Amino acid sequence: MTQTLARPAAGRASPGGRRHRARPRRSLLARHQARAGVLFATPPMVLFVVFTVLPVIGALGLSFTSYDVFSPPSWVGLENYARLLEDVTFFTTLKNILLYCAMFVPLMIAASLLLAVALNSRLPAMGIFRTVYYIPVVTSPVAAATVWTWMLNSHYGPVNEILGFFGIPGPAWVGDSSTAMLSIVIVTLWQGVGSNMLIYLAGLQNIPKHLYEAAALDGAGRWATFAHVTWPQLRLTTLFVTTLSLIGAFQLFDQAYVMTKGGPGNSTLTPVYQIYETAFNRLQMGYASAQAFTLFLIIVAVTVINMRINRSDET
């Protein structure tokens, strides 16, 4: 008699008569990829936890204490946060930074978008111009602020020399409380416009070409095309640029420290500058930590409001 070899079953039969397919095993390649992913992700995650998460948790704990570095911290509860409500200087810094945001953020959006639109072409020299406008981004903020302090000097600065050539009396710039914040806006705008220009360039190059073709067929001019095609398509890009600009504005420190030292008359004193003064000059680490976390909550609130406003504009 011939024996018939039985074929392997496609699946095991369940008590109810149903057949279940056997789960395919993960391939050896997939397991190696997963292990490699974990291997490469572990070092930066460890560094992030050690140098970011743990210090933030430690600073949060310090905000409820009185600590001067030389003696052990003592628990004071919410006393540091209650002190903030009576700190006139802290509210002055918030007023200064809001004034800075009101000048800096709209100018940053307008300047970076204007440059991006002007450089969004395939001419051979466009790459050189993009590089030139991006160079200030990689410049040290301290070095840039030092050079601009010399350029804006009211006695021998090149800026006032040029204005005087045209018969315009130059202001005192960093030496006058009415123009000191404007001077910082000029420096930070010069240094930061290049990075946002690249972000807008990426957004412009992702706009579908058929939208411009449809606008041209409808007889739309340049301004109408920009208002009804380009600008609506850049809503998310503008939200991203605005959010980054607001967060960076609230963290202003280097330029204010180098150019004005918070003066004259606290007109350029910023929250981060006051946190630095409180922590490292007055050695009030607990109170400085409370200021830092209050500033963090303010930045979160401003970011959420900005996102809500942009979402409402889209609807």
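View A. With a relative accessibility of 32%, Met 307 counts as partly exposed (buried is under 20% relative accessible area, exposed is over 50%, and partly exposed is in between, using a 1.4 Å probe and protein chains only). Met 307 sits in helix H13; helices here are DSSP runs of H or I with at least four residues, strands are E runs of at least two, and both are numbered from the N terminus. A word on what you're looking at: the model is predicted, so local features need pLDDT of at least 70 and side-chain atom pairs count only at pLDDT 80 or more, while totals for chains, interfaces and linings use all residues. Residues are numbered from 1 along each chain as its sequence is written, and side-chain values use heavy atoms, with hydrogens and water left out.

**View B. Thr 303, also in helix H13.** Thr 303 belongs to helix H13 and is buried, at 16% relative accessible area. Skip residues up to four places away in sequence, and Thr 303 touches Thr 243 and Ile 247 (contact means heavy atoms within 4.5 Å). Val 174 is another matter: C-alpha to C-alpha, Thr 303 and Val 174 are 30 Å apart in space and 129 residues apart in sequence.

**View C. The buried side of helix H5.** Helix H5 covers residues 141–151, and Ala 144, Ala 145 and Trp 148 are its buried residues in this view. They all lie on the same side of H5 because they cover an arc of only 95° around the axis; the arc is that of the directions from the helix axis to the C-beta atoms. As background, an α-helix has 3.6 residues a turn, so residues three or four places apart point the same way. The cover over the buried residues of H5 includes helix H7 (180–205) and helix H11 (254–259).

**View D. Helices H3 and H4 side by side.** Helix H3 (residues 88–119) packs against helix H4 (residues 126–134) at an angle of about 160°, and their axes are 10 Å apart. That angle makes H3 roughly antiparallel to H4. The axes are lines fitted to C-alpha atoms, for helices over the stretch in contact, with angles from 0 to 180 degrees between N-to-C directions. Angles under 35 degrees count as roughly parallel, over 145 as roughly antiparallel, 65 to 115 as roughly perpendicular, and the rest as oblique. The H3 and H4 crossing is left-handed, a label used if the near helix is turned anticlockwise from the far one by less than a right angle, with right-handed used if clockwise. At the contact, Leu 115, Ala 118 and Leu 119 of H3 meet Met 126, Phe 129, Arg 130 and Tyr 133 of H4. By class, that's 6 nonpolar, no polar and 1 charged residues (nonpolar: Ala, Val, Leu, Ile, Met, Phe, Trp, Tyr, Cys and Pro; charged: Asp, Glu, Lys and Arg; polar: the others, Gly among them).

View E. The axes of helix H8 (residues 209–217) and helix H9 (residues 222–233) come within 10 Å and cross at roughly 165°. H8 and H9 are therefore roughly antiparallel to each other, and their crossing is right-handed. Leu 211, Tyr 212 and Ala 215 from H8 meet Thr 225, Val 229, Thr 230 and Gln 233 from H9. This contact divides into 4 nonpolar, 3 polar and no charged residues. In the loop between H8 and H9 you'll find Asp 218, which counts as exposed at 67% relative accessibility.

**View F. The loop between H11 and H12.** Ser 267 lies in the loop between H11 and helix H12 (271–281), and is buried at 14% relative accessible area. Leaving aside neighbours within four places in sequence, Ser 267 is in contact with Asn 96, Ser 177, Ala 180, Met 181 and Gly 262. Pro 264 is in this loop between H11 and H12 too, and a cis peptide bond joins Gly 263 and Pro 264, with omega about -10°.

View G. Trp 173 is not a glycine, yet its phi is positive, near 55°. Trp 173 sits in the loop between helix H6 (158–165) and H7, buried at 10% relative accessible area. Leu 283, not a glycine either, has a positive phi of about 55°. Leu 283 is in the loop between H12 and helix H13 (285–314) and counts as partly exposed at 28% relative accessibility.
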